[in-house]
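Open the model in your viewer and keep the selection tool at hand. The tour below goes from one selection to the next.

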Amino acid sequence: MNREKIVVIDFGGQYNQLVARRVRECNVYCEIYSYKTDIEKIKEMNPKGIILTGGPNSVYEEGAATCSKELFELGIPVLGLCYGAQLMSHVLGGHVCKAPVREYGKIEVTVDKSSKLFGNVSEKTICWMSHNDYIEKEAPGFKIIAHTSDCPVAAAECEEKKLYAIQFHPEVLHTVEGTKMLSNFVYEVCGCAGDWKMDAFVENTIKAVREKVGKGKVLCALSGGVDSSVAAVMLAKAVGDQLTCVFVDHGLLRKNEGDEVEEVFGPNGPYNLNFIRVNAQERFYAKLKGVEEPERKRKIIGEEFIRVFEEEAKKIGAVDFLVQGTIYPDVVESGLGGESAVIKSHHNVGGLPDYVDFKEIIEPLRDLFKDEVRKAGLELGIPEKLVYRQPFPGPGLGIRIIGEVTAEKVKMVQEADAIYREEIANAGLDRSIGQYFAALTNMRSVGVMGDERTYDYAIALRAVNTIDFMTAEAAEIPWEVLGRVSSRIVNEVKHVNRVLYDCTGKPPATIEFE
Ligand SMILES: Nc1ncnc2c1ncn2[C@@H]1O[C@H](COP(=O)(O)OP(=O)(O)OP(=O)(O)O)[C@@H](O)[C@H]1O
Ligand SMILES: O=c1[nH]c(=O)c2[nH+]cn([C@@H]3O[C@H](COP(=O)(O)O)[C@@H](O)[C@H]3O)c2[nH]1
Ligand SMILES: NC(=O)CC[C@H](N)C(=O)O
Ligand SMILES: [Mg+2]
(Lines give C-alpha, C1' and ligand atoms only; values in the text may rest on other atoms or scores of the structure.)
(Ligands and ions follow the chains in the order given, each with its own letter.)
Protein backbone atom coordinates (compact mmCIF):
# COMPACT_ATOMS: atom_id res chain seq x y z
CA MET A 1 0.00 0.00 0.00
CA ASN A 2 1.21 3.45 -0.85
CA ARG A 3 0.06 5.45 2.10
CA GLU A 4 1.97 8.53 3.22
CA LYS A 5 4.24 7.91 6.14
CA ILE A 6 6.23 9.67 8.82
CA VAL A 7 9.28 7.78 10.08
CA VAL A 8 10.12 8.10 13.77
CA ILE A 9 13.78 7.40 14.49
CA ASP A 10 14.19 6.01 17.94
CA PHE A 11 17.13 7.02 20.13
CA GLY A 12 15.88 5.08 23.14
CA GLY A 13 13.76 7.71 24.89
CA GLN A 14 10.92 6.70 27.16
CA TYR A 15 8.17 8.58 25.31
CA ASN A 16 8.89 7.29 21.83
CA GLN A 17 5.74 5.22 21.42
CA LEU A 18 3.83 8.36 22.28
CA VAL A 19 5.41 10.26 19.42
CA ALA A 20 4.03 7.70 17.00
CA ARG A 21 0.61 7.73 18.62
CA ARG A 22 0.30 11.49 18.53
CA VAL A 23 1.21 11.60 14.86
CA ARG A 24 -1.38 8.95 14.12
CA GLU A 25 -3.95 10.94 16.03
CA CYS A 26 -3.36 13.59 13.37
CA ASN A 27 -4.49 10.96 10.82
CA VAL A 28 -0.98 10.45 9.51
CA TYR A 29 0.50 6.97 9.55
CA CYS A 30 3.88 6.53 11.14
CA GLU A 31 6.33 3.84 12.17
CA ILE A 32 9.23 3.62 14.58
CA TYR A 33 12.70 2.52 13.53
CA SER A 34 15.93 2.20 15.47
CA TYR A 35 18.58 4.86 14.91
CA LYS A 36 20.74 2.00 13.64
CA THR A 37 18.50 1.55 10.59
CA ASP A 38 20.38 1.96 7.32
CA ILE A 39 19.73 5.32 5.70
CA GLU A 40 19.13 3.57 2.37
CA LYS A 41 16.18 1.77 3.90
CA ILE A 42 14.76 5.05 5.13
CA LYS A 43 15.14 6.59 1.69
CA GLU A 44 13.33 3.64 0.11
CA MET A 45 10.35 4.23 2.36
CA ASN A 46 10.10 7.73 0.93
CA PRO A 47 8.66 9.28 4.09
CA LYS A 48 6.91 12.64 4.10
CA GLY A 49 8.85 13.56 7.21
CA ILE A 50 11.25 12.24 9.83
CA ILE A 51 11.08 12.71 13.60
CA LEU A 52 14.12 12.10 15.79
CA THR A 53 13.14 11.15 19.33
CA GLY A 54 14.60 11.85 22.75
CA GLY A 55 17.12 9.51 24.30
CA PRO A 56 19.27 8.96 27.37
CA ASN A 57 22.68 9.82 25.83
CA SER A 58 24.58 13.08 25.55
CA VAL A 59 25.63 13.84 21.98
CA TYR A 60 29.17 14.85 23.02
CA GLU A 61 29.88 11.52 24.75
CA GLU A 62 31.91 8.85 23.06
CA GLY A 63 29.69 6.14 21.55
CA ALA A 64 26.49 8.21 21.83
CA ALA A 65 23.67 7.20 19.49
CA THR A 66 24.00 9.22 16.32
CA CYS A 67 22.86 9.68 12.74
CA SER A 68 24.55 10.69 9.51
CA LYS A 69 24.63 14.25 8.23
CA GLU A 70 23.07 12.93 5.02
CA LEU A 71 19.78 12.45 6.84
CA PHE A 72 19.40 16.23 6.91
CA GLU A 73 20.24 16.58 3.23
CA LEU A 74 17.58 14.33 1.75
CA GLY A 75 15.15 17.20 1.27
CA ILE A 76 12.80 15.45 3.70
CA PRO A 77 11.59 17.59 6.64
CA VAL A 78 13.14 16.56 9.96
CA LEU A 79 11.87 17.35 13.45
CA GLY A 80 14.26 16.64 16.34
CA LEU A 81 12.84 16.28 19.84
CA CYS A 82 15.05 16.74 22.89
CA TYR A 83 18.00 14.38 22.24
CA GLY A 84 16.95 14.48 18.58
CA ALA A 85 17.11 18.29 18.63
CA GLN A 86 20.51 18.24 20.30
CA LEU A 87 21.77 15.67 17.81
CA MET A 88 20.54 17.69 14.82
CA SER A 89 22.30 20.78 16.17
CA HIS A 90 25.48 18.87 16.98
CA VAL A 91 25.73 17.11 13.60
CA LEU A 92 25.05 20.37 11.72
CA GLY A 93 27.71 22.37 13.55
CA GLY A 94 25.95 23.88 16.54
CA HIS A 95 27.20 23.46 20.10
CA VAL A 96 25.62 21.17 22.69
CA CYS A 97 26.91 20.86 26.24
CA LYS A 98 25.83 20.31 29.80
CA ALA A 99 23.27 22.96 30.74
CA PRO A 100 24.03 25.26 33.71
CA VAL A 101 20.44 24.65 34.87
CA ARG A 102 18.70 21.35 34.27
CA GLU A 103 15.01 21.67 33.38
CA TYR A 104 12.51 19.03 34.40
CA GLY A 105 8.73 19.23 34.42
CA LYS A 106 6.25 21.80 33.18
CA ILE A 107 8.01 24.97 32.04
CA GLU A 108 6.71 28.12 30.38
CA VAL A 109 8.13 28.51 26.89
CA THR A 110 7.95 31.66 24.77
CA VAL A 111 7.52 30.83 21.08
CA ASP A 112 7.92 32.77 17.85
CA LYS A 113 4.51 32.60 16.22
CA SER A 114 5.91 33.40 12.80
CA SER A 115 7.33 29.86 12.65
CA LYS A 116 5.20 27.27 10.83
CA LEU A 117 5.53 25.08 13.89
CA PHE A 118 3.90 27.58 16.22
CA GLY A 119 1.49 29.60 14.05
CA ASN A 120 -1.62 28.67 16.06
CA VAL A 121 0.16 28.22 19.43
CA SER A 122 -0.06 30.76 22.28
CA GLU A 123 3.00 32.96 22.59
CA LYS A 124 3.60 31.71 26.13
CA THR A 125 2.80 28.04 26.46
CA ILE A 126 3.44 25.31 29.02
CA CYS A 127 5.71 22.53 27.80
CA TRP A 128 7.20 19.37 29.30
CA MET A 129 10.97 19.51 29.68
CA SER A 130 13.36 16.75 30.67
CA HIS A 131 16.98 17.57 29.93
CA ASN A 132 20.43 18.03 31.44
CA ASP A 133 22.13 19.12 28.23
CA TYR A 134 21.16 22.04 26.05
CA ILE A 135 21.85 23.66 22.72
CA GLU A 136 24.21 26.44 23.72
CA LYS A 137 24.61 27.66 20.16
CA GLU A 138 22.24 26.74 17.36
CA ALA A 139 23.69 25.29 14.13
CA PRO A 140 24.62 27.73 11.34
CA GLY A 141 21.61 28.71 9.22
CA PHE A 142 19.22 28.08 12.12
CA LYS A 143 17.03 30.68 13.78
CA ILE A 144 15.89 30.51 17.39
CA ILE A 145 12.09 30.18 17.57
CA ALA A 146 11.54 29.50 21.27
CA HIS A 147 13.22 30.04 24.63
CA THR A 148 12.61 29.71 28.37
CA SER A 149 14.16 31.62 31.24
CA ASP A 150 16.89 28.96 31.53
CA CYS A 151 17.08 27.65 28.02
CA PRO A 152 18.08 30.05 25.25
CA VAL A 153 17.33 27.57 22.47
CA ALA A 154 14.09 25.81 23.36
CA ALA A 155 13.46 25.50 19.61
CA ALA A 156 15.27 26.40 16.41
CA GLU A 157 14.50 26.09 12.71
CA CYS A 158 16.09 26.22 9.33
CA GLU A 159 12.94 26.93 7.37
CA GLU A 160 14.54 26.66 3.98
CA LYS A 161 15.72 23.09 4.62
CA LYS A 162 12.63 22.23 6.67
CA LEU A 163 14.67 21.29 9.73
CA TYR A 164 13.21 21.84 13.20
CA ALA A 165 14.73 21.23 16.62
CA ILE A 166 12.63 21.28 19.79
CA GLN A 167 14.18 20.87 23.23
CA PHE A 168 10.90 19.96 24.97
CA HIS A 169 8.52 17.04 24.46
CA PRO A 170 5.41 17.91 22.41
CA GLU A 171 4.32 14.23 22.52
CA VAL A 172 3.71 14.30 26.27
CA LEU A 173 0.23 15.51 27.21
CA HIS A 174 1.70 17.88 29.82
CA THR A 175 2.82 19.96 26.85
CA VAL A 176 -0.49 21.71 26.55
CA GLU A 177 -0.27 22.58 22.85
CA GLY A 178 2.01 19.70 21.84
CA THR A 179 -0.48 18.03 19.54
CA LYS A 180 -0.92 21.32 17.65
CA MET A 181 2.83 21.51 17.14
CA LEU A 182 3.08 17.94 15.83
CA SER A 183 0.08 18.56 13.64
CA ASN A 184 1.74 21.72 12.30
CA PHE A 185 4.85 19.71 11.50
CA VAL A 186 3.04 16.99 9.58
CA TYR A 187 0.59 19.28 7.77
CA GLU A 188 2.26 22.69 7.41
CA VAL A 189 5.85 21.52 7.04
CA CYS A 190 5.61 18.01 5.56
CA GLY A 191 2.46 18.70 3.54
CA CYS A 192 0.70 15.49 4.56
CA ALA A 193 -2.87 14.95 3.38
CA GLY A 194 -3.96 12.92 6.45
CA ASP A 195 -4.99 9.65 4.80
CA TRP A 196 -4.71 7.47 7.93
CA LYS A 197 -8.34 6.86 8.81
CA MET A 198 -9.88 3.78 10.37
CA ASP A 199 -12.64 3.24 7.82
CA ALA A 200 -10.10 3.16 5.02
CA PHE A 201 -7.81 0.94 7.06
CA VAL A 202 -10.55 -1.61 7.69
CA GLU A 203 -11.64 -1.68 4.08
CA ASN A 204 -8.10 -1.93 2.67
CA THR A 205 -7.09 -4.60 5.14
CA ILE A 206 -10.11 -6.76 4.35
CA LYS A 207 -9.27 -6.49 0.68
CA ALA A 208 -5.59 -7.28 1.18
CA VAL A 209 -6.33 -10.31 3.38
CA ARG A 210 -8.85 -11.64 0.87
CA GLU A 211 -6.27 -11.43 -1.90
CA LYS A 212 -3.56 -13.07 0.15
CA VAL A 213 -5.70 -15.97 1.37
CA GLY A 214 -7.37 -16.74 -1.96
CA LYS A 215 -9.20 -20.03 -1.56
CA GLY A 216 -7.02 -21.15 1.37
CA LYS A 217 -8.16 -22.07 4.85
CA VAL A 218 -7.48 -19.89 7.85
CA LEU A 219 -7.32 -20.57 11.56
CA CYS A 220 -7.80 -17.60 13.88
CA ALA A 221 -6.52 -17.69 17.45
CA LEU A 222 -9.48 -16.17 19.26
CA SER A 223 -9.29 -15.28 22.95
CA GLY A 224 -12.51 -13.29 23.15
CA GLY A 225 -10.36 -10.24 23.97
CA VAL A 226 -10.57 -7.01 22.04
CA ASP A 227 -7.74 -7.58 19.59
CA SER A 228 -8.52 -11.08 18.42
CA SER A 229 -12.25 -10.40 18.32
CA VAL A 230 -11.62 -7.50 15.98
CA ALA A 231 -9.23 -9.65 13.94
CA ALA A 232 -11.75 -12.51 13.76
CA VAL A 233 -14.65 -10.33 12.64
CA MET A 234 -12.41 -8.70 10.05
CA LEU A 235 -11.30 -12.10 8.74
CA ALA A 236 -14.85 -13.38 8.65
CA LYS A 237 -15.76 -10.40 6.45
CA ALA A 238 -12.78 -11.16 4.23
CA VAL A 239 -12.98 -14.93 3.78
CA GLY A 240 -16.31 -16.10 5.20
CA ASP A 241 -16.39 -19.75 6.17
CA GLN A 242 -12.85 -20.48 5.05
CA LEU A 243 -12.19 -19.26 8.59
CA THR A 244 -12.20 -21.34 11.79
CA CYS A 245 -11.71 -19.68 15.16
CA VAL A 246 -9.93 -21.63 17.87
CA PHE A 247 -10.31 -20.60 21.48
CA VAL A 248 -7.95 -22.24 23.94
CA ASP A 249 -8.98 -22.67 27.55
CA HIS A 250 -5.55 -23.14 29.06
CA GLY A 251 -6.79 -23.24 32.61
CA LEU A 252 -5.37 -19.76 33.16
CA LEU A 253 -8.52 -17.82 32.32
CA ARG A 254 -10.57 -15.74 34.72
CA LYS A 255 -13.48 -17.34 36.54
CA ASN A 256 -16.23 -18.41 34.09
CA GLU A 257 -14.40 -16.78 31.18
CA GLY A 258 -14.35 -19.91 29.02
CA ASP A 259 -18.13 -20.17 29.07
CA GLU A 260 -18.58 -16.45 28.50
CA VAL A 261 -16.41 -16.48 25.39
CA GLU A 262 -18.25 -19.50 24.07
CA GLU A 263 -21.57 -17.73 24.59
CA VAL A 264 -20.50 -14.79 22.43
CA PHE A 265 -18.59 -16.57 19.67
CA GLY A 266 -20.01 -20.10 19.84
CA PRO A 267 -22.89 -21.55 17.81
CA ASN A 268 -25.55 -19.82 19.92
CA GLY A 269 -23.97 -16.37 19.71
CA PRO A 270 -24.58 -13.54 17.25
CA TYR A 271 -21.54 -14.28 15.06
CA ASN A 272 -21.80 -16.96 12.49
CA LEU A 273 -18.29 -18.36 12.98
CA ASN A 274 -16.82 -21.83 12.87
CA PHE A 275 -15.82 -21.92 16.53
CA ILE A 276 -13.78 -24.55 18.34
CA ARG A 277 -13.10 -24.48 22.07
CA VAL A 278 -10.13 -26.54 23.17
CA ASN A 279 -9.94 -27.47 26.83
CA ALA A 280 -6.24 -27.77 27.38
CA GLN A 281 -5.78 -27.14 31.12
CA GLU A 282 -3.94 -30.36 31.85
CA ARG A 283 -1.25 -29.97 29.26
CA PHE A 284 -0.54 -26.33 30.16
CA TYR A 285 -0.30 -27.15 33.88
CA ALA A 286 1.98 -30.08 33.12
CA LYS A 287 4.35 -27.93 31.05
CA LEU A 288 4.41 -25.21 33.74
CA LYS A 289 5.09 -27.56 36.63
CA GLY A 290 8.07 -26.40 38.66
CA VAL A 291 8.75 -23.36 36.45
CA GLU A 292 9.19 -20.08 38.31
CA GLU A 293 11.03 -17.72 35.99
CA PRO A 294 8.65 -15.24 34.27
CA GLU A 295 10.20 -15.22 30.83
CA ARG A 296 10.33 -19.03 30.76
CA LYS A 297 6.68 -19.23 31.77
CA ARG A 298 5.79 -16.84 28.95
CA LYS A 299 7.74 -18.81 26.39
CA ILE A 300 6.25 -22.13 27.51
CA ILE A 301 2.72 -20.75 27.26
CA GLY A 302 3.47 -19.13 23.89
CA GLU A 303 4.80 -22.40 22.49
CA GLU A 304 1.97 -24.52 23.87
CA PHE A 305 -0.60 -22.18 22.29
CA ILE A 306 1.01 -22.74 18.91
CA ARG A 307 1.12 -26.52 19.37
CA VAL A 308 -2.59 -26.54 20.12
CA PHE A 309 -3.31 -24.42 17.04
CA GLU A 310 -1.20 -26.75 14.89
CA GLU A 311 -3.07 -29.80 16.14
CA GLU A 312 -6.43 -28.20 15.46
CA ALA A 313 -5.25 -27.17 12.01
CA LYS A 314 -4.29 -30.78 11.24
CA LYS A 315 -7.76 -31.94 12.22
CA ILE A 316 -9.35 -29.41 9.87
CA GLY A 317 -6.80 -30.23 7.15
CA ALA A 318 -4.96 -28.03 4.66
CA VAL A 319 -4.88 -24.89 6.78
CA ASP A 320 -2.23 -22.51 5.49
CA PHE A 321 -2.72 -19.40 7.59
CA LEU A 322 -2.74 -18.62 11.29
CA VAL A 323 -4.31 -15.32 12.30
CA GLN A 324 -3.38 -13.64 15.59
CA GLY A 325 -4.61 -10.41 17.16
CA THR A 326 -1.10 -9.01 17.63
CA ILE A 327 -0.95 -5.22 18.02
CA TYR A 328 1.89 -2.73 17.82
CA PRO A 329 2.72 -2.47 21.54
CA ASP A 330 3.10 -6.30 21.68
CA VAL A 331 5.73 -5.98 18.98
CA VAL A 332 7.54 -3.04 20.56
CA GLU A 333 7.58 -4.46 24.09
CA SER A 334 8.89 -7.76 22.79
CA GLY A 335 11.92 -5.79 21.61
CA LEU A 336 11.18 -5.94 17.88
CA GLY A 337 10.47 -2.31 17.03
CA GLY A 338 12.70 0.70 17.47
CA GLU A 339 15.31 0.79 20.20
CA SER A 340 13.22 -0.55 23.08
CA ALA A 341 14.71 -3.17 25.34
CA VAL A 342 12.86 -6.47 25.77
CA ILE A 343 10.51 -5.69 28.61
CA LYS A 344 8.58 -8.92 28.38
CA SER A 345 8.08 -11.45 25.62
CA HIS A 346 4.46 -11.24 24.63
CA HIS A 347 3.36 -14.83 24.08
CA ASN A 348 2.26 -14.07 20.54
CA VAL A 349 5.45 -12.29 19.42
CA GLY A 350 8.68 -12.74 21.40
CA GLY A 351 7.25 -15.89 23.00
CA LEU A 352 6.62 -17.65 19.69
CA PRO A 353 8.60 -20.88 19.16
CA ASP A 354 11.26 -20.95 16.42
CA TYR A 355 9.28 -23.34 14.30
CA VAL A 356 5.61 -22.76 13.57
CA ASP A 357 3.83 -25.23 11.31
CA PHE A 358 1.78 -22.78 9.25
CA LYS A 359 2.69 -21.39 5.86
CA GLU A 360 2.14 -17.87 7.09
CA ILE A 361 1.02 -15.92 10.13
CA ILE A 362 -1.40 -13.09 9.37
CA GLU A 363 -1.60 -10.23 11.85
CA PRO A 364 -4.00 -7.65 10.44
CA LEU A 365 -3.68 -5.35 13.48
CA ARG A 366 0.07 -5.53 13.90
CA ASP A 367 0.54 -1.83 13.11
CA LEU A 368 -2.20 -0.50 15.38
CA PHE A 369 -2.26 0.89 18.89
CA LYS A 370 -5.00 -0.28 21.22
CA ASP A 371 -7.18 2.80 20.81
CA GLU A 372 -6.96 2.36 17.04
CA VAL A 373 -7.98 -1.30 17.34
CA ARG A 374 -11.02 -0.16 19.28
CA LYS A 375 -11.91 2.32 16.55
CA ALA A 376 -11.53 -0.42 13.94
CA GLY A 377 -13.81 -2.64 16.06
CA LEU A 378 -16.53 0.01 16.13
CA GLU A 379 -16.07 0.51 12.40
CA LEU A 380 -16.77 -3.24 11.98
CA GLY A 381 -19.97 -2.94 14.00
CA ILE A 382 -18.74 -4.83 17.06
CA PRO A 383 -20.74 -3.78 20.14
CA GLU A 384 -19.13 -1.20 22.43
CA LYS A 385 -19.34 -3.55 25.37
CA LEU A 386 -16.91 -5.89 23.67
CA VAL A 387 -14.75 -3.20 22.14
CA TYR A 388 -14.15 -1.44 25.47
CA ARG A 389 -13.46 -4.60 27.48
CA GLN A 390 -10.36 -4.39 29.59
CA PRO A 391 -7.50 -6.34 28.06
CA PHE A 392 -6.53 -9.74 29.39
CA PRO A 393 -3.08 -11.06 28.56
CA GLY A 394 -2.79 -14.28 26.57
CA PRO A 395 -0.68 -16.02 29.26
CA GLY A 396 -3.53 -15.14 31.57
CA LEU A 397 -3.32 -15.95 35.23
CA GLY A 398 0.00 -17.65 34.47
CA ILE A 399 1.67 -14.23 34.81
CA ARG A 400 -0.57 -13.10 37.67
CA ILE A 401 0.70 -15.87 39.91
CA ILE A 402 4.21 -14.98 40.91
CA GLY A 403 6.40 -18.08 40.78
CA GLU A 404 5.17 -21.59 40.11
CA VAL A 405 1.67 -22.07 38.73
CA THR A 406 -0.47 -24.80 40.32
CA ALA A 407 -4.16 -25.62 39.95
CA GLU A 408 -4.70 -24.62 43.58
CA LYS A 409 -3.10 -21.20 43.08
CA VAL A 410 -5.11 -20.62 39.90
CA LYS A 411 -8.27 -21.24 41.87
CA MET A 412 -7.21 -18.74 44.56
CA VAL A 413 -6.47 -15.95 42.14
CA GLN A 414 -9.63 -16.68 40.10
CA GLU A 415 -11.82 -16.36 43.18
CA ALA A 416 -10.11 -13.23 44.46
CA ASP A 417 -10.23 -11.62 41.03
CA ALA A 418 -13.94 -12.42 40.62
CA ILE A 419 -14.70 -10.72 43.95
CA TYR A 420 -12.62 -7.70 43.01
CA ARG A 421 -14.31 -7.34 39.63
CA GLU A 422 -17.75 -7.75 41.13
CA GLU A 423 -17.14 -5.03 43.71
CA ILE A 424 -15.61 -2.67 41.18
CA ALA A 425 -18.70 -3.11 39.01
CA ASN A 426 -21.01 -2.63 42.02
CA ALA A 427 -19.23 0.63 42.76
CA GLY A 428 -19.79 1.73 39.15
CA LEU A 429 -16.06 1.98 38.48
CA ASP A 430 -15.75 -0.70 35.80
CA ARG A 431 -15.97 1.71 32.86
CA SER A 432 -13.63 4.31 34.26
CA ILE A 433 -10.63 2.17 35.24
CA GLY A 434 -8.38 1.06 32.37
CA GLN A 435 -7.41 -2.34 33.73
CA TYR A 436 -7.81 -3.98 37.12
CA PHE A 437 -7.17 -7.43 38.49
CA ALA A 438 -5.99 -9.49 41.42
CA ALA A 439 -2.62 -11.25 41.44
CA LEU A 440 -1.28 -13.88 43.77
CA THR A 441 2.00 -12.90 45.33
CA ASN A 442 4.32 -15.70 46.17
CA MET A 443 4.57 -14.34 49.67
CA ARG A 444 3.10 -15.96 52.74
CA SER A 445 2.77 -14.16 56.01
CA VAL A 446 1.35 -14.60 59.48
CA GLY A 447 -2.22 -13.69 60.29
CA VAL A 448 -4.81 -14.50 62.89
CA MET A 449 -8.26 -15.87 62.11
CA GLY A 450 -10.76 -17.23 64.59
CA ASP A 451 -8.14 -16.98 67.34
CA GLU A 452 -5.83 -19.21 65.34
CA ARG A 453 -2.53 -18.39 63.77
CA THR A 454 -2.54 -18.57 59.96
CA TYR A 455 0.40 -18.65 57.60
CA ASP A 456 -1.11 -17.92 54.21
CA TYR A 457 -0.81 -16.07 50.92
CA ALA A 458 -1.14 -12.38 50.13
CA ILE A 459 -3.26 -11.20 47.20
CA ALA A 460 -2.23 -8.00 45.46
CA LEU A 461 -4.87 -5.80 43.86
CA ARG A 462 -3.91 -3.74 40.84
CA ALA A 463 -5.89 -1.03 39.06
CA VAL A 464 -4.46 1.37 36.53
CA ASN A 465 -5.56 4.21 34.34
CA THR A 466 -3.96 4.38 30.96
CA ILE A 467 -4.75 5.37 27.43
CA ASP A 468 -2.27 3.25 25.58
CA PHE A 469 -1.04 0.66 28.11
CA MET A 470 2.52 1.84 27.50
CA THR A 471 2.45 4.10 30.54
CA ALA A 472 -0.04 3.95 33.38
CA GLU A 473 -0.94 5.45 36.72
CA ALA A 474 -2.33 3.57 39.69
CA ALA A 475 -6.06 4.27 39.96
CA GLU A 476 -7.42 5.85 43.12
CA ILE A 477 -10.13 3.54 44.35
CA PRO A 478 -12.25 4.73 47.28
CA TRP A 479 -10.99 3.25 50.52
CA GLU A 480 -14.43 1.91 51.29
CA VAL A 481 -14.46 -0.18 48.11
CA LEU A 482 -10.98 -1.52 48.80
CA GLY A 483 -12.01 -2.36 52.33
CA ARG A 484 -15.00 -4.35 51.12
CA VAL A 485 -12.92 -6.22 48.56
CA SER A 486 -10.24 -7.06 51.06
CA SER A 487 -12.60 -8.32 53.70
CA ARG A 488 -14.51 -10.44 51.20
CA ILE A 489 -11.30 -11.94 49.82
CA VAL A 490 -9.88 -13.01 53.16
CA ASN A 491 -13.25 -14.36 54.19
CA GLU A 492 -14.17 -16.16 51.00
CA VAL A 493 -10.89 -17.32 49.51
CA LYS A 494 -9.12 -20.14 51.30
CA HIS A 495 -5.44 -19.68 52.10
CA VAL A 496 -5.44 -15.92 51.69
CA ASN A 497 -4.97 -13.87 54.85
CA ARG A 498 -3.73 -10.55 53.51
CA VAL A 499 -4.66 -8.14 50.70
CA LEU A 500 -2.27 -5.48 49.37
CA TYR A 501 -2.93 -2.60 46.99
CA ASP A 502 -0.30 -1.83 44.37
CA CYS A 503 0.11 1.91 43.96
CA THR A 504 3.06 1.97 41.55
CA GLY A 505 2.78 3.46 38.09
CA LYS A 506 4.29 2.23 34.83
CA PRO A 507 7.12 3.04 34.67
CA PRO A 508 8.74 2.03 36.97
CA ALA A 509 6.49 -1.04 37.45
CA THR A 510 4.68 -2.75 34.58
CA ILE A 511 0.95 -3.38 34.62
CA GLU A 512 1.25 -7.14 34.97
CA PHE A 513 3.46 -8.64 37.67
CA GLU A 514 5.56 -10.82 35.38
N1 LIG B 1 -7.00 -18.22 25.10
C2 LIG B 1 -6.65 -17.95 23.84
N3 LIG B 1 -7.08 -18.74 22.83
C4 LIG B 1 -6.73 -18.48 21.56
N5 LIG B 1 -5.94 -17.46 21.20
C6 LIG B 1 -5.47 -16.66 22.15
C7 LIG B 1 -5.81 -16.84 23.52
N8 LIG B 1 -5.21 -15.87 24.23
C9 LIG B 1 -4.54 -15.10 23.36
N10 LIG B 1 -4.68 -15.57 22.10
C11 LIG B 1 -4.06 -15.01 20.87
O12 LIG B 1 -2.97 -14.16 21.23
C13 LIG B 1 -3.24 -12.83 20.78
C14 LIG B 1 -2.69 -11.80 21.75
O15 LIG B 1 -3.38 -11.83 22.98
P16 LIG B 1 -3.87 -10.47 23.63
O17 LIG B 1 -4.39 -10.77 24.98
O18 LIG B 1 -2.82 -9.45 23.43
O19 LIG B 1 -5.04 -9.99 22.69
P20 LIG B 1 -6.58 -10.20 22.84
O21 LIG B 1 -6.86 -11.22 23.88
O22 LIG B 1 -7.12 -10.51 21.50
O23 LIG B 1 -7.07 -8.78 23.27
P24 LIG B 1 -6.92 -8.09 24.69
O25 LIG B 1 -5.58 -7.40 24.63
O26 LIG B 1 -8.03 -7.13 24.71
O27 LIG B 1 -6.97 -9.11 25.73
C28 LIG B 1 -4.72 -12.77 20.66
O29 LIG B 1 -5.11 -11.72 19.81
C30 LIG B 1 -5.05 -14.13 20.12
O31 LIG B 1 -4.79 -14.20 18.75
O1 LIG C 1 -1.61 -10.70 25.07
C2 LIG C 1 -0.78 -10.35 25.86
N3 LIG C 1 0.26 -11.16 25.98
C4 LIG C 1 1.22 -10.96 26.87
O5 LIG C 1 2.16 -11.75 26.94
C6 LIG C 1 1.08 -9.78 27.68
N7 LIG C 1 1.83 -9.24 28.66
C8 LIG C 1 1.20 -8.09 29.06
N9 LIG C 1 0.08 -7.91 28.39
C10 LIG C 1 -0.85 -6.77 28.48
O11 LIG C 1 -0.18 -5.66 27.94
C12 LIG C 1 -0.46 -4.47 28.70
C13 LIG C 1 0.82 -3.91 29.26
O14 LIG C 1 1.29 -4.80 30.21
P15 LIG C 1 2.64 -4.66 30.98
O16 LIG C 1 2.66 -3.26 31.53
O17 LIG C 1 2.61 -5.70 32.05
O18 LIG C 1 3.71 -4.87 29.97
C19 LIG C 1 -1.43 -4.90 29.79
O20 LIG C 1 -2.71 -4.62 29.31
C21 LIG C 1 -1.20 -6.38 29.91
O22 LIG C 1 -2.34 -7.07 30.38
C23 LIG C 1 -0.01 -8.92 27.50
N24 LIG C 1 -0.92 -9.22 26.59
N1 LIG D 1 15.05 13.48 27.23
C2 LIG D 1 16.13 13.58 26.46
O3 LIG D 1 16.09 13.28 25.28
C4 LIG D 1 17.39 13.94 27.15
C5 LIG D 1 18.51 14.25 26.20
C6 LIG D 1 19.86 14.51 26.88
N7 LIG D 1 20.36 13.30 27.42
C8 LIG D 1 19.69 15.58 27.98
O9 LIG D 1 19.68 15.27 29.15
O10 LIG D 1 19.57 16.71 27.64
MG1 LIG E 1 -6.25 -11.09 25.72
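Helices (H or I, at least four residues) and strands (E, at least two) are DSSP runs, numbered from the N terminus. This is a predicted model, in which local features need pLDDT of at least 70, side-chain atom pairs count only at pLDDT 80 or more, and totals for chains, interfaces and linings use all residues. Residues are numbered from 1 along each chain as its sequence is written, while chains are lettered from A and ligands numbered from 1 in the order in which they are written.

Start with helix 11, residues 370-379. Its buried residues (20 or more other C-beta atoms within 10 Å of their own, C-beta atoms being placed from the backbone) are Lys370, Glu372, Val373, Arg374, Ala376 and Gly377. They pack against helix 1 (16-25), helix 5 (198-213), helix 6, helix 10 (328-333) and helix 12 (384-387). Select Gly381 next: just after helix 11, this residue has a positive phi of about 80°.

Now go to ligand 1. A residue counts as near if its C-beta atom, placed from the backbone, lies within 6 Å. Of the 17 residues around ligand 1, the nearest are Ser223, Gly225, Ser228, Gly325 and Gly394. Helix 6 (226-239) and strand 11 (243-249) are the elements that give two or more residues to this shell. Helix 6 supplies the largest share, three residues.

Last, select helix 8 (residues 281-288) and helix 9 (residues 294-316), which pack at an angle of about 145° with axes 10 Å apart. Here axes are lines fitted to C-alpha atoms over the stretch in contact, and angles run from 0 to 180 degrees between N-to-C directions. Arg283, Phe284, Lys287 and Leu288 of helix 8 meet Lys297, Ile300, Ile301 and Glu304 of helix 9, contact being C-beta atoms, placed from the backbone, within 7 Å.

How values were computed: Two residues are in contact if their C-beta atoms, placed from the backbone, lie within 7 Å. A residue is buried if 20 or more other C-beta atoms lie within 10 Å of its own, exposed if 12 or fewer, and partly exposed in between; C-beta atoms are placed from the backbone.
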